[in-house]
Structure formats: C-alpha cells, structure tokens
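Work through the exercises below with the model in view. Each task is followed by a solution in steps.

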Amino acid sequence: MRKFILAAATALFATSAAAQAPVPPPKLMIVISVDQFSADLWDEYRPQFTGGFARLASGTVFRNGYQSHATTETCPGHSTILTGDRPARTGIVSNGWANWDAARADKNIYCAEDEAAPDTTSRHYQVSAAHLRVPTLGDLMKTRWPLSRNIAVAGKDRAAVMMSGRHPDQRWYWDGKGFATDVLALQAAPRAVVRTNLAVAAQVARAEPPLQPPSFCAARAQPIAIEDHAPVGAGAFARAAGDVAGFEDSPAYDAAVLALSAALIGDMRLGKQSAPDLISIGLSATDYVGHKYGTGGQEMCLQLLELDRDLGDFFNRLDAWGIDYAVALTADHGGLDIPERLKLRGVADAARIDSDLTPAAIGEIVSKETGLAGPILANVGVIGDLYLDRHLQGSDRARALAAALAAYKRHPQVFAAYSKDEIARTPVPSGDPTRWSVLERVRASFDPERSGDLYVVLKPNITPIGHAAGSVATHGSPWDYDRRVPILFWRPNMPPSLRDDPIETVDLMPTVAAMIGVPLAPGSVDGHCLGGVGGVACPR
Ligand SMILES: [Zn+2]
C-alpha cells in the first residue's frame with residue numbers, strides 16, 4: 001500500500017514537473033490575421049480542414065475569441081492583435097475619421113496614413129503608423145533585443161501597419177500593382193520582393209480557369225438573386241488575363257502574401273539568430289470574398305479550403321527549413337452573410353439598410369425640424385461614428401445633435417444612438433466580453449479626439465449596404481457575428497486543447513509575449529496572458 005502511494009506520488013510529481021518545465025521560447029513567432037474570419041466560419045468549416053488550419057486546430061483552440069469593441073472594422077481589429085489594447089487605447093477607432101484641425105483640405109483621415117505628409121488626401125495617402133498610440137509586440141521586442149527583426153506582410157496596408165507598429169524592419173503590402181513599402185530604408189526592394197512581384201505580375205497577366213470545387217463546396221453553389229446586382233453564390237474565381245480586381249478577390253491573393261512571407265523568412269534567415277524574430281501576416285482575401293459574394297456560398301467555401309491548403313504548404317516549407325517557430329492566428333473581425341441568403345435560411349429579420357438612413361437624409365429631417373441650414377452631418381461613414389458638420393457651433397450644434405439623435409432613435413432599423421458625452425461617461429468595460437452592454441462595446445471603441453459626435457447602432461442582421469453597391473455584404477457592427485473570432489495557438493508538440501471560455505483578441509499579445517519572454521509591466525495592456533496555452537508560463 002505504502003509502496004503504491006509512493007509510486008502514485010512520484011508519478012504525480014513527474015507529471016506536474018513536466019507541466020511546469022519551462023518551454024524554451026520559439027525563435028520565430030508567426031502571427032496571422034485572416035481578415036473577416038468569423039468564429040461562425042471556423043465552426044462551420046473546421047471538419048473540412050486538412051492543411052494549415054487542421055494543424056493549428058491540433059494546438060490550443062479558443063473558439064470564442066472576441067474583438068470586443070463595437071466598431072468591428074479592419075483597422076481597429078488589427079490594432080488590437082499585437083498591441084494587447086482595445087481601440088479606446090490604440091486610438092484606432094475605425095478605418096477612418098474626421099479631423100477638422102487637419103492642415104490639409106481633406107478633413108477625412110485614413111487610419112494608416114500621415115495626413116501631415118504634403119500633397120496627400122485620405123485616398124492618395126502616405127502610409128504610416130502615426131495614428132497608433134501604443135507600441136506593438138514587435139516594437140517591444142526590438143527594445144529588449146535590438147537584433148530582433150519585426151516584419152509584416154499583408155494584402156492591406158492597414159493590416160501590415162497596425163500589426164507591426166512604429167519600428168518595422170520590413171513591411172510589405174499590396175498597392176494594386178505589387179508589394180510596396182512605406183519603410184524608407186527599403187526603397188531598393190530586397191530580392192525576395194522583386195522575385196515575388198515578378199511572379200505575381202505573370203500570374204495576373206494569365207487568364208485563370210474556374211477552380212474545380214470539391215463536392216462539399218459544389219453543394220453550396222446556389223445562385224442567389226440580389227436586386228440591381230448580379231447573382232452570387234456559385235462563383236469559382238475564373239478570371240480574364242490582366243484582371244487585377246479578380247486576382248485580389250480570390251484565393252490567389254493570400255497565396256501571394258504567403259509566398260512573399262516565406263521568401264522573406266528564407267532570405268532573411270528569420271528564426272535562425274540568437275534573438276527571436278516576429279513576422280505578422282495579414283491575409284485579406286477572405287474579407288474581399290466575403291464583401292463581394294457573402295459568406296454562405298461556394299465562393300467562401302473555395303476560399304477557405306484553398307487558404308487551408310496554402311497555409312499547410314507554408315508551414316511545411318518552414319518545417320523543411322528546420323525553423324523553430326510558433327503560430328498564433330486570429331481575425332480582425334467576423335462578418336455577416338448577404339440578407340437575401342440569410343432570409344432563405346430562416347433569418348427573418350435580415351435586411352438591407354433603408355435608403356432614408358443616410359447622413360444626408362437624416363440631416364434633411366434635422367434641418368426641417370430645427371430650421372438649421374445643412375449640411376448637418378459630415379459625409380464620414382453611414383453608421384457607427386457620425387460627425388456634425390463643422391459649421392454648426394454653440395447652441396445650434398446642441399440642437400442639431402439632439403434632433404439627429406431623436407431622428408435616428410425613432411427609425412425602425414436603429415437599435416440605439418448615443419451622444420459622445422454619454423459614451424465618454426460610460427466606464428471602460430472589462431471582464432467577460434459576452435456580458436458587455438452595447439454601450440460598453442461602443443465605449444471600447446471610443447477615443448475623445450477621434451470619435452464621432454454621435455454613434456448609431458443598427459439592429460442585428462441589418463446590412464449597412466443598400467442595393468446597387470459594389471459590395472453585397474459587410475461587417476462593422478457590435479453584434480457577435482462581427483465580434484466573435486477564433487484565436488489559435490500552435491507549436492510542435494503542443495498538447496491539443498479546445499477551449500470554450502470567452503477571451504479577447506487583446507489577450508493574444510500578452511500570451512505571445514510570455515511565450516517568447518518579453519516582460520510587460522503589470523496593467524500596461526488591456527489583455528491578459530492566457531493560462532494553459534501549451535507550456536506558456538504567465539507572469540504572476
Ligand atoms: Zn472588410
């Protein structure tokens with residue numbers, strides 16, 4: 001008996017010692033954002049994955065991650081992933097905002113630009129991380145280990161900028177013609193970039209036949225009629241020679257980003273030096289496919305299965321090179337399918353936004369009611385942060401605000417409208433993000449300098465895109481189809497773990513920081529290191 005207890009105690013000790021043995025940090029940290037990859041899509045497609053996603057699914061899977069803030073757009077979402085902070089702290093409240101004090105004529109500001117650069121507008125801008133108010137993990141790594149490399153590659157410039165921050169060694173994003181950079185020292189592109197750009201140009205110049213859908217995807221190929229728009233649902237990414245937009249809205253776009261990432265990893269020997277390196281990768285095609293075709297048809301099915309295969313090939317190359325790497329993957333936001341298909345699937349309240357819910361239409365109502373001359377609302381976005389026109393001052397401004405809030409609130413598609421004061425008075429939320437009120441979600445998106453004078457939230461399942469627009473589906477709301485995203489961690493030999501507990505994307509950065517040994521001052525970021533991710537020891 002005594003012998004048995006001793007043996008059991010020894011076994012117990014051995015298990016706990018193994019669990020507590022510090023796992024050496026990886027030499028290359030790979031952080032991937034799949035744009036518009038909702039947890040709904042992850043849950044739906046998980047059984048179909050056999051490539052890179054299947055590999056990540058064998059690690060630690062949080063299927064209830066949250067971009068916890070209200071404005072679930074690309075720029076704010078990417079700003080949370082490697083800073084550990086919500087948009088209220090990163091300052092990236094949306095993809096764009098108004099700044100009446102900007103020195104240039106165009107007062108619209110793009111999130112990833114420097115509007116002080118001469119001869120720029122919010123459409124023809126100088127790419128910059130100037131608006132990001134906090135450091136990224138890559139910035140902190142370079143402070144701790146000056147030889148660490150902080151690299152970013154993405155389809156979208158804002159994804160690359162928000163994940164790498166102020167001190168990238170290399171940062172590459174697609175500019176419509178090839179991969180370009182804002183890092184001045186890199187004006188002579190490295191060979192990896194020249195090679196990839198030549199290969200991509202040759203690929204775009206070729207016509208592509210449609211992809212051959214596996215039966216799982218072919219079963220979804222049902223054309224859905226959309227008013228004033230070509231039907232969607234049965235596409236397979238065939239494209240004519242030279243069709244750049246067709247390339248950008250297809251799986252080939254992500255494949256190009258992964259090809260450049262692999263080329264840089266190989267040429268720069270990332271993960272082969274004494275100091276750890278970081279590469280952040282922004283895969284944007286899922287978002288473009290979602291906007292162009294919705295999320296419920298054959299197109300999204302093909303996109304995700306192709307991406308699964310391409311990610312698998314990417315990881316296999318790194319394995320062949322003998323690199324000691326770890327991966328964290330999440331999304332900048334989720335998404336909602338087109339209302340026409342949602343209705344067919346029984347979502348009775350799915351609809352497109354009414355044409356009388358534009359800032360111009362609401363402004364006319366306000367003018368009529370108050371006698372104030374328009375424009376009342378600035379032309380910065382349709383929903384979410386809205387700005388009173390700058391000519392309104394003093395008591396006129398207060399009257400316009402009150403009338404605009406009332407006009408929005410009585411519209412049947414509007415869930416809520418909040419004034420800037422009401423949002424500013426709301427305490428910053430924390431804890432379980434599923435329990436936050438909508439106003440608290442809006443507070444997590446609030447920056448006193450950049451946020452709007454009012455904030456309007458549509459009811460669930462209302463798509464803020466009318467008919468005859470280029471895009472047919474979108475995201476950006478505080479509802480969980482836009483907030484809930486997968487958060488995955490993988491290293492070789494990490495024991496599989498499927499977690500249902502709700503966490504936030506801001507928790508990714510402190511967890512990865514603990515994995516690679518970057519100390520964070522207590523309370524310096526919004527997120528928390530996640531216990532139980534492989535052998536990661538969170539600081540106490
Ligand atoms: Zn998008």
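This is a predicted model: local features need pLDDT of at least 70, side-chain atom pairs count only at pLDDT 80 or more; totals for chains, interfaces and linings use all residues.

**Exercise 1.** State how many helices and strands the protein has.

Solution. The secondary structure comes to 20 helices and 19 strands.

**Exercise 2.** Decide whether the radius of gyration of the protein agrees with that of a compact globule.

Solution. Step one: take the chain length, which is 540 residues. Step two: apply the globule rule, 2.2 Å times the number of residues to the power 0.38; for this protein a compact globule would have a radius near 24 Å. Step three: compare. The protein has 24 Å, so the value agrees.

**Exercise 3.** Describe burial and contacts in the protein as a whole.

Solution. Step one: of the 540 residues, 57% count as buried, meaning under 20% relative accessible area. Step two: among contacts with a separation of 6 or more, 71% are between residues 24 or more positions apart. Step three: the accessible surface comes to about 21,800 Å², and carbon and sulfur atoms hold 56% of that area.

**Exercise 4.** Find how helix α20 is covered and what its buried residues pack against.

Solution. Step one: α20 covers residues 508-516, and eight of its nine residues are buried. Step two: list these; they are Leu508, Met509, Pro510, Thr511, Val512, Ala513, Met515 and Ile516. Step three: identify the partners. The buried residues of α20 pack against the helices α4 (74-81) and α6 (137-144), and against the strands β1 (28-34), β11 (325-330), β17 (484-490) and β19 (503-504). Step four: look past the helix. Gly517 follows α20 and has a positive phi, near 85°.

Note on methods. Residues are numbered from 1 along each chain as its sequence is written. Side-chain values use heavy atoms; hydrogens and water are left out. Buried means under 20% relative accessible area, exposed over 50%, partly exposed in between (1.4 Å probe, protein chains only). Helices (H or I, at least four residues) and strands (E, at least two) are DSSP runs, numbered from the N terminus. Contact means heavy atoms within 4.5 Å. Accessible areas come from the Shrake-Rupley method with a 1.4 Å probe; for residues, only the protein chains shown count as cover.
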